[in-house]
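Student: I am new to this structure. Could we go through the parts of the model together?

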Amino acid sequence: MGILEWATSPLGQRVPIHIAWSLIWFALIAGLLFLIVHAIYVRYFAKEKEFAAAPARETGVELPARIPRHSLAARLFHWIMAAAMFVLLFTAFLPKSGMQFNWVTYHWIAGMVLTASILFHIIHATFYLDFWSIWPDRSDLEDAGRRFQRFMGRSTPLPRKFAKYPLENKLYHAVVMLSGLAVIITGLFMMFRVRTIFFPRNPYLFSDMTWGMMYVLHGLAGVGLITLTIVHVYFAVRPEKLPITASMIGGSMSREFYLKEHDPKRWVIKGLSQGRSMADGD
Ligand code: HEM
């Protein structure tokens with residue numbers, strides 16, 4: 001049993017038609033295993049997080065009680081994108097596991113919502129937010145090295161506190177971005193295979209082989225998003241992460257949480273004194 005399903009085209013060529021649907025179960029189990037192993041590790045083995053001490057002047061006296069983290073536009077984007085993502089996952093995979101309904105229409109409509117929300121996000125993040133805050137930098141890599149050394153029991157300096165996003169979040173964002181772009185780009189072409197309100201159906205746009213590869217990429221990125229979504233929701237509901245999740249609803253987090261986990265020099269809050277540069281609550 002392979003990871004793809006194959007068929008013979010009218011020209012007698014063997015072409016892939018889509019992924020083997022058993023991969024859905026593989027992705028589900030991978031996500032569940034991850035959260036079980038992680039939860040056991042945190043509960044029984046992980047040590048308390050330790051960071052290098054912040055310099056004395058960063059006592060937080062000049063900080064407001066609530067630290068802005070996500071603007072209203074960023075929160076609306078997040079929840080619209082999340083709703084579209086759930087509709088896409090359920091409409092794509094429920095029919096494959098036996099629940100029959102007219103899924104294609106709901107699926108492409110949710111696909112258009114996801115596409116529009118991502119276009120908005122790219123423009124918003126590029127021109128209005130701190131674009132570089134979500135990409136790994138040199139300090140992240142140095143600190144990851146330090147954390148690994150300490151995990152192995154070697155003595156190295158403590159890692160610094162995080163900037164706005166820890167390295168794990170940045171890596172997660174990069175993987176979700178790649179899978180998301182893969183389903184969007186292939187999905188937009190796949191709209192030519194079904195009846196939509198946008199353009200006439202044209203299944204002859206590509207050769208059978210090209211269509212097959214496109215369906216395979218769409219499916220692989222799609223099942224990957226099952227695992228990624230499980231992992232994301234798991235972290236969102238972990239007790240120690242709840243203040244972060246709440247900030248995606250209310251927009252802000254407490255000063256205490258900010259100072260405990262974040263380095264005010266690496267995540268500078270908008271509008272504070274001493275002429276600091278402006279990063280923000282994006
Ligand atoms: C979480 C994101 C997504 C997942 C998990 C997903 C998954 C799937 C799956 C498993 C199929 C069935 C493919 C097959 O039969 O081989 C499918 C079909 C389809 N997808 Fe997606 N998809 C996603 C996003 C999108 C997006 C963003 C669009 C449009 C922009 C889109 C448009 C389509 C279309 C038009 C089809 C129907 C193709 C057909 O029946 O011939 N999808 N999708």
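Predicted model: local features only at pLDDT ≥ 70, side-chain atom pairs only at ≥ 80, totals over all residues.

Student: How many bridges join β1 to β2, and do the strands run parallel or antiparallel?

Tutor: The strands run antiparallel, and 5 bridges join them. Strand β1 covers residues 4–8, and strand β2 covers residues 14–19.

Student: Which residue in β2 stands opposite Leu-4?

Tutor: Leu-4 faces Ile-19 there. Thr-8, for its part, has Arg-14 of β2 as its bridge partner.

Student: Stepping back, how many helices and strands does the protein have?

Tutor: There are 8 helices and 4 strands. Along the sequence they come in the order β-β-α-β-α-α-α-α-α-α-β-α.

Student: And what box do the C-alpha atoms fill?

Tutor: Taken along the principal axes, the box is roughly 75 × 40 × 30 Å.

Student: Changing topic, where does the ligand sit?

Tutor: The ligand is placed in the second largest pocket. That pocket holds about 680 Å³ of space.

Student: How many residues line the second largest pocket, and which lie nearest its centre?

Tutor: The lining has 28 residues, and those nearest the centre are Ala-92, Trp-103, His-107, Met-190 and His-218. By type, the lining consists of 19 nonpolar, 8 polar and 1 charged residues.

Student: Which helices each supply at least two residues of that lining?

Tutor: They are α2 (72–93), α3 (103–127), α5 (167–190) and α6 (208–237). Of these, α3 contributes the most to the lining, namely 8 residues.

Student: Now the ligand itself: which of the residues around it come nearest?

Tutor: His-18, Met-85, His-107, Tyr-215 and His-218 come nearest, out of 25 residues around the ligand. His-107 and His-218 are also among the residues nearest the centre of the second largest pocket.

Student: How far is the side chain of His-107 from a nitrogen atom of the ligand?

Tutor: An N or O atom of the His-107 side chain lies 2.8 Å from a ligand nitrogen atom. For His-218, an N or O atom of the side chain is 2.7 Å from a nitrogen atom of the ligand.

Student: What about Tyr-215?

Tutor: There the ligand atom is an oxygen, and it is 2.4 Å from an N or O atom in the side chain of Tyr-215.

Student: Last one: how do the residues of the shell around the ligand divide?

Tutor: The shell comprises 16 nonpolar, 7 polar and 2 charged residues. Helices α2, α3, α5 and α6 each provide at least two residues of this shell.

Definitions and conventions: Residues numbered from 1 in each chain as written. Heavy atoms only, no water. 1 Å grid on protein atoms, 1.4 Å probe; cavity = no way out; pocket = protein on both sides within 12 Å on 5 of 7 lines; lining within 4 Å. Points joined across faces, edges and corners; volume = space filled by probe spheres on them. Nonpolar A, V, L, I, M, F, W, Y, C, P; charged D, E, K, R; others polar. Near = heavy atom within 4 Å. Polar contact = N/O pair within 3.5 Å; in protein donor to acceptor, adjacent residues only side chain to side chain. Sits in = over half its atoms within 2 Å of the grid points. Pairing = 2+ DSSP bridges.
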